[in-house]
Number of protein chains: 2
Amino acid sequence: MPDAPEAYRRLAQELREVALLKSCASVLGWDEQTYLPIHGAEHRAQQLAMLSGMAHDRATSPKLAELLSAAETAVPADDSRESASVREARRRFDRATKLPRRLVEELSHCATLSQQAWVGAKKARDFQAFRPWLEKMVALKREEAQAIGGAVPYDALLDEYEPGASSAEIADVFARLRNELVPLVQAIQQSPVKVDTSILTRSYPVAAQREFSRRGATTIGFDFDAGRLDEAAHPFCSGIGPGDCRLTTRYDEHHFPGAFFGTLHEAGHGIYEQGLVKEDFGLPVGDSCSLGIHESQSRMWENLVGRSRPFWDHFFPLAQKAFPEALGNATLDEFHTAINDVRPSWIRVEADEVTYNLHIMLRFELERPLIAGDLAPADLPGAWNDAFTKSFGMTPPHDALGCLQDVHWSAGLIGYFPTYSLGNMYAAQFFEQARTDIPDLDEQFRRGEFLALKTWLNRNIHERGMQYRASRLVELVTGKPLSAEPLLRHLKSRFGAIYKI
Amino acid sequence: MPDAPEAYRRLAQELREVALLKSCASVLGWDEQTYLPIHGAEHRAQQLAMLSGMAHDRATSPKLAELLSAAETAVPADDSRESASVREARRRFDRATKLPRRLVEELSHCATLSQQAWVGAKKARDFQAFRPWLEKMVALKREEAQAIGGAVPYDALLDEYEPGASSAEIADVFARLRNELVPLVQAIQQSPVKVDTSILTRSYPVAAQREFSRRGATTIGFDFDAGRLDEAAHPFCSGIGPGDCRLTTRYDEHHFPGAFFGTLHEAGHGIYEQGLVKEDFGLPVGDSCSLGIHESQSRMWENLVGRSRPFWDHFFPLAQKAFPEALGNATLDEFHTAINDVRPSWIRVEADEVTYNLHIMLRFELERPLIAGDLAPADLPGAWNDAFTKSFGMTPPHDALGCLQDVHWSAGLIGYFPTYSLGNMYAAQFFEQARTDIPDLDEQFRRGEFLALKTWLNRNIHERGMQYRASRLVELVTGKPLSAEPLLRHLKSRFGAIYKI
């Protein structure tokens, strides 16, 4: 039997080098979205293709296969961080090597062309222009699921984003959520309380927004000595490596929530990245647990904390100073109600905290039969509109407000959507536990203190990296398996109060 | 005999890939100087070490050796671009492979520590603290020169920056320059004209400087669709690849010339980079000719154009609008005289157009005996002060204003300094020719038109890349070998008029 520490050390060294190479591509990717001159796009594409090709070669090399086997023999399979790293490294290696090179190239090539076609089809509100590309992408993703194997093809895709998750379990918890969400939305719509959101579209000068967004991120605990906040067309968080995590947002003078809550959201992702164990960079245990857990961090800071009353007890007077023209004569009540407006709408990315999950479930319910072969891509618009009408009581007037709204499917990101709602549920369940463990959390927020919550997240979630699968992590942290109840309790409590229901 | 196009094509392909990899490191290097969070420094060092190691491995690989030999057999040695690329690729390959790995690593390691020691020694004005490091660096550079070979060790180092140049020829042209510069400086000092530069240290708000610097760079022809201007502690130009060239500058509210002429200088480098043949990226003929030629471009735009009267005939009214507080009541005469102040000073980087070259020659005259073994590093301060007194008629009060002022020697950049004055001489010689070829250049400048000069530089210099060695390029463009006369004519004409001598 090989020497365990030595076999593990050698595997870890190789994994770190692959990660280091990938992190170079992260810098180029961030730069592409923020500062790249327009004529530099072609050269950048060549640079990124070279780096990702080199990283893929190393991540699928016979050398890594040998190091993995040696480590698997040497490291006992238990709850240890070493064991988790070996397990996750194996999962990634198998995913990367099970796909024939031809399929990988076809997926990548087709995704590029398909996204271009989607942009045009969405603009023209013309599903038929996108249909052949959707058919190709679905066929390729079904082939991918086949190559990866497992009882349920959809789960093979889901596993890329939420390792170890099963669509059957997700369907159960989503069903529970929907059962209560639909009546909640109806009750809100029938409430006598009518929210006026015009306060949010007054003039918020961009320079002041920049300052205020940065202040928000700093106050909740994002470390600007180890990160940045820049502007990009599509906001994102890029954890480049230890000491370097970059957020982006976008500013619209006449829409306050976009940049501010967007920044809190990305800062939530960033605080997670900054909370990973630096010494474990490049190892699975130094990496984030899953997309769902990642989203739980961004959603917690954006919604559970950032749209709460105690948060604005602290921040509203500051906002009034920062935006005297827009908020000088406004009340905290008006403002807090406006940022919690609930209203069924066509577009997921503009949806409120309550209806958002209905948008996600709808996609999940269409993705599964698409991959199972039970729904033909040609029938997607009809199926979308039926499902939408059932959930929201209104029918999209055209496909750009319907099944053409998201980029994901055109890019081959199938199995990704459910992680958004998993994130919301994880967030609520973690937050309930944090409230139990830190009873005066609201008092702290009112004083502008967020360190106790951040530290709690660091210890319970961030530092654990991929040591446990998401479902296990939730049980370890909260003592219970994932459930829709904490999120439902939160939504009923917050919106019951606002809408007096 | 191998098929010439095929052997060349294969070599070119490999060279392009190595260059593509190096250009990834350029992005990370630029980011390090501009936007990297402070805690990201260690990770960045690891990323850059990995990328440069990979690039070095490919640039010295047996595969490249084979491709080079095949191309040398197949491509006839003539004036063609292909032949030049093979010749320069050979030169680079030999330089990279002649040095033992041990020496390369020692040089790199020692340069890092030596620069740190230099920073401390300069601050403490303590040459003795730096002496052991200088001794080590000089010993290593002498070893490097030995390994590269050639009759004159110094020339082996010089060749890295100015391929094909010889120190004997440089010494000749420098001697000619010095013969006339020293009396010119004396005449200026004895002139009854006393220049008042206080106009340049009034309040120039940074936001307006930013705007005005960008306008300057745009007007002379730097393309912001294929480049950027950002801020950095040490201004530089980084040509990352086709369509992507990045300049930096730094702003001081109370020093107008720093950012503006610094930007013109870097934009001159940038216009060169943007003028290289895009299709030849990665090949020597798609690369800049030498550091001296590069510097000729920056100096031409900064000094010959940027400090000229016709340039300010156009720009001064704009500057008055941009900086009404500082320049509202100033005259063009006052301003133009102030930006052409000549005054012996201790520090090279702050020197004017006339005395600058004396600073360079002094360093060249000390570097040569250091490498030849005729000057012991321990004797440098004395030798420096003697030479400085001879050139400037004053003796540095301490070594921070003397031999400790530049980073170059601590970083192992020996053989680099002469390229600055070569640049000044190339610039003046090219500019005389451009004036002959475009007789109404001054009229164009007065109208704010710089395209004819830029296009002339594109055709005559930029697009040629490394097709010819610098000395040959000068002859091709101007019909004469490099000479000090054009620079002397320019300096006597400009400063004779200002100082009435």
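A: Let us begin with a definition: two strands pair if DSSP finds at least two bridges between them. The model discussed here is predicted. In chain B, the bridge partner of Ser238(B) in S3(B) is Arg246(B).

Q: In which sense do S2(B) and strand S3 of chain B pair, parallel or antiparallel?

A: Strands of a sheet pair through backbone hydrogen bonds, in either the parallel or the antiparallel sense. S2(B) and S3(B), the latter covering residues 244-249, are antiparallel and share four bridges.

Q: What is the order of the strands in the open sheet of chain B?

A: The order is S1-S3-S2, and the pairing in this sheet of three strands is mixed. Strands S1 (227-231) and S2 (237-241) of chain B stand at the edges with a single partner strand each, so one side of each has no neighbour in the sheet. On average, neighbouring strands of this sheet are turned by 20° against each other, direction ignored.

Q: Which helix lies across S1, S2 and S3 of chain B?

A: Helix H10 of chain B, residues 256-275, lies across these strands and runs at about 165° to S3(B).

Q: How many bridges join S1(A) and strand S3 of chain A?

A: Five bridges join S1(A) to S3(A), residues 244-249, and the pairing is parallel. Within this pairing, Gly227(A) stands opposite Cys245(A) of S3(A). As for burial, four of the five residues of S1(A), which spans residues 227-231, are buried, and the strand is mostly covered.

Q: How many aromatic pairs does the structure hold over all chains?

A: There are 75 aromatic pairs over all chains. One of them joins Phe222(A) and Phe224(A), with 5.1 Å centre to centre and 80° between the planes, an edge-to-face arrangement. Both Phe222(A) and Phe224(A) are buried.

Q: Why is the pair of Trp312(A) and Phe335(A) edge-to-face?

A: The ring planes of Trp312(A) and Phe335(A) stand at 65°, with centres 4.7 Å apart, so the pair is edge-to-face; the cut-off for this class is over 60 degrees. Trp312(A) belongs to helix H12 (residues 309-322) and Phe335(A) to helix H14 (residues 332-338) of chain A, so the pair ties together parts 23 residues apart in sequence. Trp312(A) counts as buried because its relative accessibility is 0%. Phe335(A) likewise counts as buried, at 0% relative accessibility.

Q: Which charged ends sit over a ring?

A: Among them is the charged end of Arg363(A), 5.4 Å from the centre of the ring of Phe417(A). In chain B, the charged end of Lys136(B) sits over the ring of Trp133(B), 4.6 Å from its centre.

Q: Where is Asn385(A) placed, and what does Asn385(A) touch?

A: Asn385(A) is in helix H16 of chain A, residues 380-392. Its relative accessibility is 17%, so Asn385(A) counts as buried, the limit being under 20%. Leaving aside residues up to four places away in sequence, Asn385(A) touches Thr395(A), Pro396(A) and Asp399(A). From Leu362(A), Asn385(A) is 23 residues away in sequence and 10.0 Å away in space, C-alpha to C-alpha.

Terms used: Residues numbered from 1 in each chain as written. Chains lettered and ligands numbered in written order. Predicted model: local features only at pLDDT ≥ 70, side-chain atom pairs only at ≥ 80, totals over all residues. Heavy atoms only, no water. Buried < 20%, exposed > 50% of the residue type's maximum accessible area, 1.4 Å probe, protein only. Helix = DSSP H or I, 4+ residues; strand = E, 2+ residues; numbered from the N terminus. Axes fitted to C-alpha atoms, helices over the stretch in contact; angles between N-to-C directions. Contact = heavy atoms within 4.5 Å. Phe/Tyr/Trp six-rings, centres within 6.5 Å; stacked < 30°, edge-to-face > 60°. Lys NZ or Arg CZ within 6 Å of the ring centre and 35° of its normal.
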